[in-house]
Amino acid sequence: MSSNSHLQEVIGGIPCAVSLGDLISRQEIEDLLFEFSELPPGQRLAVWAERLIGTPFEFESNLPILSEDMLRVNLANLDCITFIYVVIALSRADSFEQFVRQLKVLRYDVPDVEAASGRHAASGSFLHFVEESLLERAIEQGWLTDVTSTLVTAECIIPMAVDLRVIRRPAAFDFREQLVAPVRGERAISHTFIRAVDLQKMDVKLLQDGDIIVFAKDPTTAQGDLRHILVRHLGIVKKQ
């Protein structure tokens with residue numbers, strides 16, 4: 001199946017648009033979920049990330065728009081953010097169906113996977129902003145823990161705040177330049193980060209395989225709607 005096409009099916013009661021591409025098959029996913037099941041979650045995340053290296057890059061926002069109730073299950077092409085979403089969901093699953101369910105929990109602000117979902121920018125529950133999906137939703141689920149303060153001394157850490165607002169995505173990563181809204185409402189949020197000039201002071205021995213690194217830019221230095229985005233890139237730790 002080409003990376004631009006998908007198969008529509010219902011998995012565990014969830015309507016899905018499934019596109020796996022050429023790098024991995026559903027059977028291999030099932031086999032690896034079983035093989036990795038005894039590993040701690042962080043190590044599972046790291047090995048899944050390593051397995052998916054080589055996946056073609058494509059901004060999700062440039063892919064065909066799905067219907068309101070459809071969950072995108074796409075491993076055919078990923079961007080830095082959807083790559084993280086997929087490996088988190090895989091690291092928390094023991095079957096393909098559970099992977100799909102975990103992906104929905106992460107990407108929609110719903111009480112459980114049986115709840116209704118929707119992508120409408122004003123009224124839907126789809127989490128367009130990484131600040132809501134990873135820095136809030138995943139932490140609330142107990143899937144991620146903020147360990148920033150354990151890696152450096154207090155003087156190396158700074159708070160960074162942003163006003164989450166309805167924005168128009170830049171054409172650079174959304175050719176439609178769609179309007180998207182924070183599901184949990186327009187509001188100010190703040191998170192702590194290690195200053196770039198102090199990264200060399202970080203105790204890298206404390207980093208673990210599967211740790212997720214969040215790269216941010218001071219919104220006050222940005223232009224236009226980018227002033228309402230904090231997270232600019234994501235990465236995963238895999239020690240050699």
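This briefing describes the pockets, a cavity and the salt bridges of the structure shown above. The model is a predicted one. Its largest pocket has a volume of about 1,000 Å³, and its second largest pocket holds about 810 Å³ of space. Across the whole structure, 15 salt bridges are found, together with two cavities of 30 Å³ or more. Rolling a probe the size of a water molecule over the atoms shows where empty space is left.

**The largest pocket**

- The lining of the largest pocket consists of 38 residues. Those nearest the centre are Asp146, Thr148, Ile212, Ile213 and Val214.
- Helices and strands that contribute two or more residues to this lining are α2 (41-51), α3 (80-91), α5 (130-140), β4 (157-164), β7 (187-194) and β8 (212-216).
- Strand β8 contributes the most to the lining of the largest pocket, namely five residues.
- Sorted by class, the lining of the largest pocket comprises 24 nonpolar, 10 polar and four charged residues.

**The second largest pocket**

- The second largest pocket is lined by 36 residues. Glu60, Ser61, His128, Arg169 and Phe173 are the ones that lie nearest its centre.
- At least two lining residues come from each of α3, α5, β6 (179-180) and β9 (231-236).
- Helix α3 provides the largest share of the lining of the second largest pocket, with four residues.
- The classes in the lining of the second largest pocket are 20 nonpolar, six polar and 10 charged residues.

**The second largest cavity**

- The second largest cavity contains about 80 Å³ of space.
- Residues that line the second largest cavity include Glu58, Glu60, Arg72, Asn74, Tyr85, Leu103 and Arg107.
- Each of β3, α3 and α4 supplies at least two residues of this lining, and α3 gives the most, with three.
- Four nonpolar, three polar and five charged residues make up the lining of the second largest cavity.

**Salt bridges between individual pairs**

- Arg107 and Glu60 form a salt bridge through their side chains, with an N to O distance of 2.8 Å. This pair connects distant parts of the chain, 47 residues apart: Arg107 belongs to helix α4 (residues 96-107), while Glu60 sits in the loop between α2 and β3 (71-74). Both Arg107 and Glu60 are buried.
- Glu132 counts as buried because its relative accessibility is 0%, and buried means under 20%.
- Asp174 and Arg169 form a further salt bridge, in which the closest N and O atoms are 3.1 Å apart. Asp174 and Arg169 are both buried.

**A network of salt bridges**

- Salt bridges with shared partners join Asp109, Glu132, Glu136, Arg137, Glu140, Arg184 and Arg187 into one network.

How values were computed
Residues numbered from 1 in each chain as written. Predicted model: local features only at pLDDT ≥ 70, side-chain atom pairs only at ≥ 80, totals over all residues. Heavy atoms only, no water. 1 Å grid on protein atoms, 1.4 Å probe; cavity = no way out; pocket = protein on both sides within 12 Å on 5 of 7 lines; lining within 4 Å. Points joined across faces, edges and corners; volume = space filled by probe spheres on them. Nonpolar A, V, L, I, M, F, W, Y, C, P; charged D, E, K, R; others polar. Salt bridge = Lys/Arg side-chain N within 4 Å of Asp/Glu carboxyl O. Buried < 20%, exposed > 50% of the residue type's maximum accessible area, 1.4 Å probe, protein only.
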